[in-house]
Amino acid sequence: MSETQPDPRARLAAMSGTLEERLYGQMALIRRFEERLLELFEDNELVGTTHCYIGQEANAVGVLNHLAAGDVVFSNHRCHGHFLVYADRADLLLAELMGRAGGLVDGRGGSQHICFADFHSNGVQGGLVSNAVGMAMAEKMKGTGAVTVVFLGDGTLGQGIVYESLNLASLWGAPILFVVEDNEWAQSTPRRLELAGDMVSRGRAFGIESGEITSTDAMEIYAHFGPIIDRIRTTGRPHFEVIHTYRLCHHSKSDDKRPRAEVEARREREPLRVTGPRLNPEVIEGLHVEAGRRVAAAETWARALPLPDPETHLEAPQ
Amino acid sequence: MRRSTVLGSLNSSLHDALREDERVLVLGEDLLDPYGGAFKVTRGLSTAFPDRVLTTPISEAGFTGVAVGMAMRGLRPVVEIMFGDFLTLAADQLLNHAAKYAWMYASKVSVPLVVRAPMGGRRGYGPTHSQSIEKHFIGMPGLEVVAAHPFCEPGALLRSCIDDDRPTVFIENKLMYARALRLADGGRLGDLYIKQTGGDRPAHLLSYDPFVHADVTIAAYGGMAEMAVSAAERLLLDEEIVADVVLATDLSRAPIELLGDSLSRSGRLLTVEEGGATCGWGAELISQVSEHCFALLQAAPVRVCAREIPIANSRPLEEATLPQVDDIVGAALALTLPSERS
């Protein structure tokens, strides 16, 4: 890979403050980044769409902070939070979203199709899960010891290729963590209309160690995933874990038709409100200021970048 | 396995690739010895390289997707789709994954993947195991489509695709496997004169005339290559008509150089393919000839293709559906009727 490989675990260890403060700070950055994106859309500064992670930030910080340099991530359409914890590069991501040359993939991918070092995302539900299994198998065959993490949503469980991928991962012993972020809604469709049966059993049916956690508490999720990822490193076997969470924002920009009362009730348990009361208010204020500063700096940097030149960006890769 | 047949050439090439490049691995259904794959292209591989020949569940989408991920992490997987008809099961992986990653990630990754697909009928396998559906995969940006024929060395062609960094669908033909290779020596193959373009995916021009005179240009690829040459032989012996035959291996690009070369003599173009005509390879060739060398055409181009109905199991129905040597000869005769000649 051309870029320096991020090391989320080492970066977290090097941050100042308590563990809970560090996780909160990362979540505050994701939150501010996503809020700013929505403002930029309102101002017609961005094209296309974006799938915000607001409400699910505890998952990204709880899972990805356990990864080391060389570990592989495959994310989906809702990838910003995952990327920010993995790479801590709001500048490159915002430049990509603003369609700039010098963004993560020079404006070719936008919100859903990004790549940086060992992080990848794609916008088609399901198919990327098989790609992630292949990556885990490649790392195993090369003997690197790397763990691969792939993120799915509850809606993605409707895709047949997910089950082909689980079957292959179990048969061939792929060192991969399947994380299902169950946010209860597949775009505008509630879970009861899109998902039969039980989620965790889907992993178990393939002989994959599987579990679930219902939480929006970053500390709880972080503690939960540490041993899971350690076990994948030790055994080289796959693991399937469901996080029952909730998406506070719309699926894609302004398309939210969910009952307001339902959404507002869940706001009480959103990750920042869960963790916030346990921290010093002055520390929280400082973390939000820092998040705001970093997003603003990223935006200033991204705006200064040129738009891609069609003359040099239309060639096929050789 | 004898390298002198298409099957032997492909099989030997896979043995060589696995031996010479430890990044190469082979995945697909029923590949393991003693069975060795439905058409035996992979015979012996699992015995020689047990760790790098993976027999898969019946999951074309899944194992093609796994191979895409492997390719993105530095391996060079070769996937076998048991019957080319099943390529559609992996279509999303080819279109929205394999073909996209290198470009949409600004060349931060490459996807050196080969998906081998045996196409074609004439073996009585019926509507879902006899088709030639490669036309649906031609024209996807980022995906290469290559087809073997006995006048090139299929194993060398396959190896060049394995060594290439781009994802490639490699079209084989079921009936062709048992055929002997027909390789030119010093520009001659028996009574045929042969010239070819350079590069890994050469186009070939074959003629019973030393490229001085031609009445018609027949363009073909894959399983129709030998039938086109047989038609050229009959046209010469029975009708004294000189047919040039242009054979493509790179289906993603029209062999426009050799077509122009031949059409400058013949002025008449006949395209031949085992799939249907609509939006097919021949349709694209005719478009490109019209764009690049319309002035060379002395008559409207003609396509010889499968009838656009499913391919029946019963032999007379299958024969009537798929293009035969007679159809090529008949179309060439009609195209070169004296009243049509200049």
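1. Just past α4(B), A106(B) adopts a positive phi of about 55°. Helices here are DSSP runs of H or I with at least four residues, strands are runs of E with at least two, and both are numbered from the N terminus. This is a predicted model, in which local features need pLDDT of at least 70, side-chain atom pairs count only at pLDDT 80 or more, and totals for chains, interfaces and linings use all residues. Residues are numbered from 1 along each chain as its sequence is written, while chains are lettered from A and ligands numbered from 1 in the order in which they are written.

2. Helix α4 of chain B (residues 91-104) has 14 residues and spans 18 Å from first to last C-alpha, close to the 20 Å expected; the expected span is 1.5 Å times one less than the number of residues. Its buried residues include L94(B), H97(B), Y101(B) and M104(B). Buried denotes 20 or more other C-beta atoms within 10 Å of the residue's own, exposed 12 or fewer, and partly exposed in between, with C-beta atoms placed from the backbone. The cover over these residues includes α6 (127-142) of chain A, and α3 (60-72) and β6 (168-173) of chain B.

3. In chain A, N44(A) has a positive phi of about 60° without being a glycine. N44(A) sits in the loop between α2 (19-42) and α3 (57-64) and is exposed, because it has 7 C-beta neighbours inside 10 Å.

4. D88(A), also not a glycine, has a positive phi near 60°. Its loop runs between α4 (80-87) and α5 (90-97) of chain A.

5. D33(B) and P34(B) are joined by a cis peptide bond, omega about 10°.

How values were computed:
Contact = placed C-beta atoms within 7 Å.
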